[in-house]
Amino acid sequence: MAAQVMGGPLVQVRDLVKTFAGRGTVLRKSKSQVQAVAGVSFDVLAGETLSIVGESGCGKSTTARCVTRILKPTSGSVVLFGTEISQSSQETIRPLRRQFQMVFQDPYASLNSTMTVEEIISEPLIVHGFPALEIKERVLAVVQQMHLHKSDLTRFPHQFSGGQRQRIGIARAVVMQPKFVVLDEPVSALDVSIQADIIQMLEGLQESLGLAFLMIAHDLSVVRHVSDRVAVMYLGKIVEIGTNKQIYEQSSHPYTQALLAAAPIPDPRVERARQRIILKGDVPSPANPPSGCRFRTRCFKVQDICSQVEPLLIDPGVGHQVACHFPEEINLITKRRV
Amino acid sequence: MTSHVDQPQSFLIRAFSVGRRPQVAFGLVIALFWLIVLTTVSIWAPYDPLEAVGTRLIAPSMTHLLGTDALGRDVFTRVLYGARESMPIAAAVIVCATVIGTLLGAVAGYAGGWVDAIVMRITDVVMAFPAILLAMAISAALGPGLRNGFIAILIVWWPIYARLVRGQVLSIKQREHVEAAISIGATRRRILQKHVMPMAITPVLVNATMDFGQVVLFLSSLSFLGLGALPPSPEWGSMITEGAKNFYQWWIAVGPGLAILTVVLGFNFLGDGLRDVLDPRSKGDK
């Protein structure tokens with residue numbers, strides 16, 4: 001891990017809320033509002049990887065876009081490197097962007113098809129006014145680091161495979177040598193054989209640049225492999241956050257437990273022996289979330305209190321926070337209550 | 001059609017193979033023909049387009065390929081000279097309309113909000129009238145003449161491009177590569193110039209090519225109705241009016257009619273071919 005000597009965390013997100021207005025008509029403004037992110041708080045420390053997992057539509061990508069200020073949060077605070085940016089203008093944030101970057105999910109859509117690879121990778125440097133000589137040097141260096149060839153620079157994105165394109169996307173994100181990179185499902189659009197490749201490359205970068213990652217993902221095995229800490233989101237809220245070990249071996253929230261139970265384990269004996277939790281129903285609409293605990297409509301432990309009082313994210317142990325009225329640590333593999 | 005859509009082909013190879021299709025080749029030949037006529041007709045044209053060169057209303061013969069009109073002018077020469085009347089104005093209309101429409105459409109689509117609302121309401125108002133009626137009203141108010149015809153057509157034509165470009169910009173600005181540009185800190189101007197417009201411009205080029213013929217037709221329609229070009233000038237539309245007056249001398253109207261037909265058809269085919277070159281996803285052959 002990098003020798004980052006700093007006081008507080010690199011990234012501090014507090015009570016982040018992002019509301020999307022529903023579609024209104026000409027005569028009447030729409031009253032329906034969708035709270036995609038409904039009060040999310042977390043820190044990212046220097047050099048660590050925090051992963052956010054959850055089903056599609058739970059607000060994890062929206063959270064990522066609010067942190068990088070592609071979207072403007074409705075309320076709450078986002079502090080990057082000690083600067084509050086949640087409501088700042090793009091012009092104010094621009095100089096800070098040297099230090100935080102983003103890698104996108106879709107390696108096809110996230111590269112401009114009318115630009116050459118060289119133009120794509122050097123664009124951040126051009127935007128931030130680096131001298132021409134340094135741009136050339138840095139682009140060449142990062143291209144080598146990403147196992148691309150020098151001759152690739154004059155080619156266009158459509159001439160590459162998905163894995164290569166994602167490497168181009170990563171090169172664009174790290175060419176300015178940032179300290180913090182948001183990875184929005186960086187491997188979920190790729191073949192499994194290429195995923196490992198990309199993950200390794202990201203880990204290498206983390207080591208050499210001392211990067212902190214905020215990774216959005218839904219593949220639990222990938223998350224377990226790369227994360228230091230994991231946050232589980234459900235319907236716009238974090239329901240459980242803790243270290244890798246706390247989440248994977250001592251999960252306390254019924255939703256986390258259900259998620260883990262749904263992920264297959266590549267060992268038939270363990271797979272047969274382990275406890276199964278099958279959730280009923282679908283994720284409720286974020287336009288009309290359930291009262292009290294948002295997970296109560298699908299929870300196997302639901303009781304009266306769950307519909308009346310919203311459970312807060314509380315800390316039962318060291319850094320392990322759970323939002324549930326009846327938290328209970330279960331190691332799903334051994335079925336033992338811890 | 002074989003399905004080698006994803007096969008990367010260079011722009012030139014694609015342009016060449018598309019250009020060899022009979023339809024597109026036809027369009028290309030017609031466009032080139034009129035371009036040559038337009039630039040060189042004064043050198044080799046057999047007669048003067050404005051002077052009587054023979055007896056009135058002679059039927060087509062070897063000396064007068066398309067006969068003569070009611071004033072004894074050579075119809076064939078006048079048809080050739082007609083290209084010099086309509087085509088530069090049509091080109092000017094297309095250029096001005098695409099520039100105005102693209103700028104306003106891009107700004108409206110990218111800025112959104114009240115800017116978008118204002119621009120789009122203006123286009124709504126213009127497009128709410130039948131184009132030919134509005135153009136007639138405008139040129140009637142301004143008085144006849146090709147310059148006023150140009151202004152009238154421009155006014156009814158630019159909203160088409162404004163809408164087209166706005167729609168393109170609206171969809172392109174949602175794409176992930178634009179988010180990526182925001183996240184690296186690109187300015188709004190740079191995003192619009194480098195990440196949105198290069199992709200929005202393709203359909204504009206295709207439409208502009210196809211519309212060229214339409215504008216020629218539109219201008220002739222105005223002249224036919226006595227708005228547009230003034231009498232002595234050899235404009236195709238006004239020549240057809242003369243043909244209508246001398247209905248039994250069919251050659252007077254057929255010449256300019258064929259000229260309009262070939263221009264409209266030719267540029268339509270050319271636009272089709274251009275679309276196939278610029279956007280390999282929609283290969284035009286059935």
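Predicted model: local features only at pLDDT ≥ 70, side-chain atom pairs only at ≥ 80, totals over all residues.
In chain B, helix 9 passes helix 10 in a left-handed crossing. Chain B has 10 helices and zero strands, while the area buried between chain A and chain B is about 1800 Å².

**Helix 9 against helix 10 in chain B**

- Helix 9 of chain B covers residues 236-245 and helix 10 of chain B covers residues 251-278; their axes come within 7 Å and cross at roughly 145°.
- On the helix 9 side, the residues making the contact are B:Trp236, B:Met239, B:Ile240, B:Glu242 and B:Gly243.
- Helix 10 of chain B answers with B:Ile252, B:Ala253, B:Pro256, B:Gly257, B:Ala259, B:Ile260 and B:Val263.
- Sort the residues of this contact by class and you get nine nonpolar, two polar and one charged.

**Chain B as a whole**

- Read chain B from the N terminus and the elements go α-α-α-α-α-α-α-α-α-α.
- Along the principal axes, the C-alpha atoms of chain B fill a box of roughly 75 × 50 × 30 Å.

**Helix 5 against helix 6 in chain B**

- Here's another pair to find: helix 5 (residues 131-142) and helix 6 (residues 146-172) of chain B pack at an angle of about 145°, and their axes are 8 Å apart.
- Helix 5 of chain B passes helix 6 of chain B in a right-handed crossing.
- From helix 5 of chain B, the contact uses B:Ala131, B:Leu134, B:Ala135, B:Ile138, B:Ser139 and B:Leu142.
- From helix 6 of chain B come B:Asn148, B:Ile151, B:Ala152, B:Ile155 and B:Val156.
- By class, this contact of helix 5 with helix 6 of chain B has nine nonpolar, two polar and no charged residues.

**Where chain A meets chain B**

- Chain A puts 27 residues into the contact and chain B puts in 16 residues.
- Of the roughly 1800 Å² buried between the two chains, carbon and sulfur atoms give 56%.
- In chain A, the residues that lose the most area to chain B are A:Ile70, A:Asn112 and A:Glu123, together 25% of what that side buries.
- The rule finds three salt bridges across this interface.
- In one salt bridge, the side chain of B:Arg190 meets that of A:Glu123 at 2.7 Å, N to O.
- There are also 12 residue pairs in polar contact across the interface of chain A and chain B.
- Strand 6 (100-103) and helix 3 (117-127) of chain A each supply at least two residues of the side that touches chain B.
- Helix 3 of chain A gives the most to that side, with four residues.
- By class, the side of chain A that touches chain B has 11 nonpolar, nine polar and seven charged residues.

Notes:
Residues numbered from 1 in each chain as written. Chains lettered and ligands numbered in written order. Heavy atoms only, no water. Axes fitted to C-alpha atoms, helices over the stretch in contact; angles between N-to-C directions. Left-handed = near helix turned anticlockwise from the far one by under 90°. Contact = heavy atoms within 4.5 Å. Nonpolar A, V, L, I, M, F, W, Y, C, P; charged D, E, K, R; others polar. Buried area = accessible area lost by both parts, 1.4 Å probe. Salt bridge = Lys/Arg side-chain N within 4 Å of Asp/Glu carboxyl O. Polar contact = N/O pair within 3.5 Å; in protein donor to acceptor, adjacent residues only side chain to side chain.
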